[in-house]
Amino acid sequence: MENTEIGWIAAIIIGGLAGWFAEMFMKSNTGVIMNIILGIVGAIIANALLSFFGVTLTGWLGYLVAGFIGACILIAVGRMFRGTRAV
């Protein structure tokens with residue numbers, strides 16, 4: 001199976017969706033731009049962590065799942081440093 005790449009526009013759209021899903025799941029209050037950033041950076045972090053364990057996620061759905069996982073991790077780390085929790 002070929003390793004499919006996504007473009008920048010698709011990365012922004014998928015990152016925004018992943019960040020929005022993570023925002024809803026973690027009950028955080030971030031904006032659209034922060035959702036996109038969380039989703040894209042989260043996908044990079046989650047892909048690095050998952051590849052360490054031998055798991056590879058590719059394609060649109062793989063990037064969405066990785067972005068969601070990574071964004072949740074980033075939100076949790078941010079809360080840990082700020083000392084805030086969801087109500």
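Begin by selecting H2 and H3, which pack at an angle of about 100 degrees with their axes 6 Å apart. Axes are lines fitted to C-alpha atoms, for helices over the stretch in contact, and angles run from 0 to 180 degrees between N-to-C directions. Helices are DSSP runs (H or I, at least four residues), numbered from the N terminus. This makes H2 roughly perpendicular to H3, a term for angles of 65 to 115 degrees.

The model is predicted: local features need pLDDT of at least 70, side-chain atom pairs count only at pLDDT 80 or more, and totals for chains, interfaces and linings use all residues. Residues are numbered from 1 along each chain as its sequence is written, and side-chain values use heavy atoms, with hydrogens and water left out.

Next, display the residues where H2 meets H3, including Leu38 and Leu49 in H2 and Tyr63 and Ile75 in H3; contact means heavy atoms within 4.5 Å. This contact has 13 nonpolar, five polar and no charged residues.

Then select helix H1 (residues 8-26) together with helix H2 (residues 32-52), which pack at an angle of about 100 degrees, their axes 6 Å apart. H1 and H2 are therefore roughly perpendicular to each other. Among the residues making the contact are Trp20 and Glu23 of H1 and Asn35 and Ile40 of H2.

Finally, select helix H3 (residues 59-82), where Phe81 is found.

Note on methods: Helices (H or I, at least four residues) and strands (E, at least two) are DSSP runs, numbered from the N terminus. Angles under 35 degrees count as roughly parallel, over 145 as roughly antiparallel, 65 to 115 as roughly perpendicular and the rest as oblique. Ala, Val, Leu, Ile, Met, Phe, Trp, Tyr, Cys and Pro count as nonpolar, Asp, Glu, Lys and Arg as charged, and the others, Gly among them, as polar.
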